[in-house]
Amino acid sequence: MSEELAPGPNESPPAPRAGPREVWKKGGRLLSVLLAVNMLLLACTLISGGAFNKVAVYDTDVFALLTTMMLLAALWILFYLLRTARCPDAIPYRDAHAGPIWLRGARGGAAECNGEGSSGGLGVAALGGLVLFGTCTLVMDVFKTGYYSSFYECQSAIKILHPLIQAVFVIVQTYFLWVSAKDCIHVHLDLTRCGLMFTLTTNLAIWMAAVVDESVHQAHAYSSSHSNASHTILAPDPERAGSLAAGDSCLCNTALCQIFQQGYFYLYPFNIEYSLFASTMLYVMWKNVGRLLASAHSHGHSPARLSLFRETFFAGPVLGLMLFVVGLAVFIIYEVQVSGEGGRTRQALVLYYSFNIVCLGLMTLVSLSGSVIYRFDRRAMDHHKNPTRTLDVALLMGAALGQYAISYYSIVAVVVGTPRDLLGALDLAHALLMIAQHTFQNVFIIESLHRGPPGAEAPAAPPKEPCQGLTFANMDALHTLPACPPTPRLVDPSPAGSREAVAIILAPRGHWRRRCLKDISLFLLLCNVILWVMPAFGARPHFSNTVEVDFYGYSLWAAIVNICLPFGIFYRMHAVSSLLEVYVLS
């Protein structure tokens, strides 16, 4: 029944099975991927076409497609929960690494890897993870329903139905991922693969629609503030925006309607992150279809209990909280001054760039320090097969490319363009530090994820110190040895006592390293949160600072930012989840 056999750490890999079932495994995966690619291309065509005024594709067509996809995906999830997962021997194994770190620990009572329990204590973090994004998405759906219902007599029914169906889809999918993220399903293999890929494609389509809608909103706001007709290529006309010009009753001119409209735009970042996190979890489930784990504990770290600020020097979390609070203040001041009419955009940009330069510089130094600490870490590298870790590394490297692209475009515009002033110098320093920070943080996170858990030290050479590892039965003999530190306590001269003494002597060294790594991970986590908040909730210095706009032109620069920035925003939140795992495993 198995399709993949993962050997344990002390087992030799089994001989590959050649047969029609193994061949069709590849065919089943190919079939599901082809289904996902075709559905994704269809969604891309309609979503991108609906963003331009010259194309005869309206938002009702996009809503109809997304609503249909969400309904089909929700029906498949219900079939999986009610029929497939309840088949005898449907889920003989569970992948301990599957799902984000908050889900892995939150389900502490669930059977892990053929019936073994987990004692993880991350339930509180679970409420702050996927459930938080899903809850904010539900609030956004309420706001969108209220907005479109404000002039329902002028709207198509699909516009009101779409947020309602999305709310149902989010509830069903969140429950599905909560209870089934670790499943290694062994029945209905090809149907399960196709269902998972279709659900993944649905989330990506929702993500693309949200990104395009937010980009059009930003472009419309920019063109309105600059009153430039050449900048309105992406700006929606009143009919596409849902406010027909046929009469005043169809305009969003009431205070409640304005609140609904502004509210759901501010909640778009949570919807975007929810769709991306759900997509990554569904991909790991797709990889685990038919997977058979050879050993119950061959691939999982020892479950760790999360205790925030435990075993830290408090320097990391305190400094991180200070930067977080200062960053919120800078973000509020920036938004107020940029959107105001007092002509204080330059001061706001100087303040924004200055804070980011300081924050990115500290993050670069701290990440580099963490990599240096790992040079003295005795924990062995974990080379076991881990689809979740492989995906985490790929997402970190791939999502960073978005910010890399924006930074390199900015560097070229500042160096080649004119004039060269204070804003140009700050923009250049910001772009260079952004590249350095992404690079060193990725190195630190990836090396951390490949380290074994505490206690999995690699074999080391005998200690060079004359007293290291010795057990003293006579305290008077200790003073006869040169340069010997006092032993912590008297231990019997037995093999067990010798091992205990070695552990006591070596513990302080590893302890300070663990504390430093925990401080570093918490500091980077808080900094990534504030660097996610700023662009996710509307900070766009790329357009307020006209260096790049004047150099590339608005249309090209807007396309670059609108394509690359969503990946940079996702990178920050994915780095937060990875750093949380680094903190737990340090």
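User: In which helix is the place of Phe355?

Analyst: In this predicted model, Phe355 has its place in helix H11, a helix that covers residues 345–374.

User: What makes Phe355 count as buried or exposed?

Analyst: The relative accessible area of Phe355 is 7%, and a residue is called buried when that value is under 20%; Phe355 is therefore buried.

User: Which residues is Phe355 in contact with, leaving aside its neighbours within four places in sequence?

Analyst: With those neighbours set aside, Phe355 is in contact with Leu323, Val326, Gly327, Val330 and Met534, where contact asks for heavy atoms within 4.5 Å.

User: Why is helix H11 called roughly parallel to H13?

Analyst: The axes of helix H11 and helix H13, the latter made of residues 422–449, come within 8 Å and cross at roughly 30°. Because angles under 35 degrees count as roughly parallel, H11 is described as roughly parallel to H13. As to handedness, H11 passes H13 in a left-handed crossing.

User: How do you know whether Thr67 is buried or exposed, and where is Thr67 found?

Analyst: Thr67 is found in helix H2, which runs over residues 59–84. Its relative accessible area is 4%, and since the cut-off for buried is under 20%, Thr67 is buried too. Not counting residues up to four places away in sequence, Thr67 touches Ile158, His162 and Ile165.

User: How many helices and strands does the protein chain have, and what share of its residues count as buried?

Analyst: The protein chain has 18 helices and 6 strands, and 52% of its 586 residues count as buried. Its accessible surface comes to about 26,400 Å², with 67% of that belonging to carbon and sulfur atoms. Among contacts with a separation of 6 or more, 83% are accounted for by residues 24 or more positions apart.

User: What is the mean pLDDT of the protein chain, and where is the pLDDT below 50?

Analyst: The mean pLDDT of the protein chain is 76, with 69% of the residues reaching 70 or more. One stretch where the pLDDT is below 50 covers residues 101–128, which have 75 contacts in the model beyond near neighbours in sequence. Where pLDDT is low, the predicted coordinates should not be read in detail.

Key
Residues numbered from 1 in each chain as written. Predicted model: local features only at pLDDT ≥ 70, side-chain atom pairs only at ≥ 80, totals over all residues. Heavy atoms only, no water. Helix = DSSP H or I, 4+ residues; strand = E, 2+ residues; numbered from the N terminus. Buried < 20%, exposed > 50% of the residue type's maximum accessible area, 1.4 Å probe, protein only. Areas by Shrake-Rupley, 256 points an atom, 1.4 Å probe, with all protein chains shown as cover. pLDDT = per-residue confidence, 0-100. Axes fitted to C-alpha atoms, helices over the stretch in contact; angles between N-to-C directions. Parallel < 35°, antiparallel > 145°, perpendicular 65-115°, else oblique. Left-handed = near helix turned anticlockwise from the far one by under 90°.
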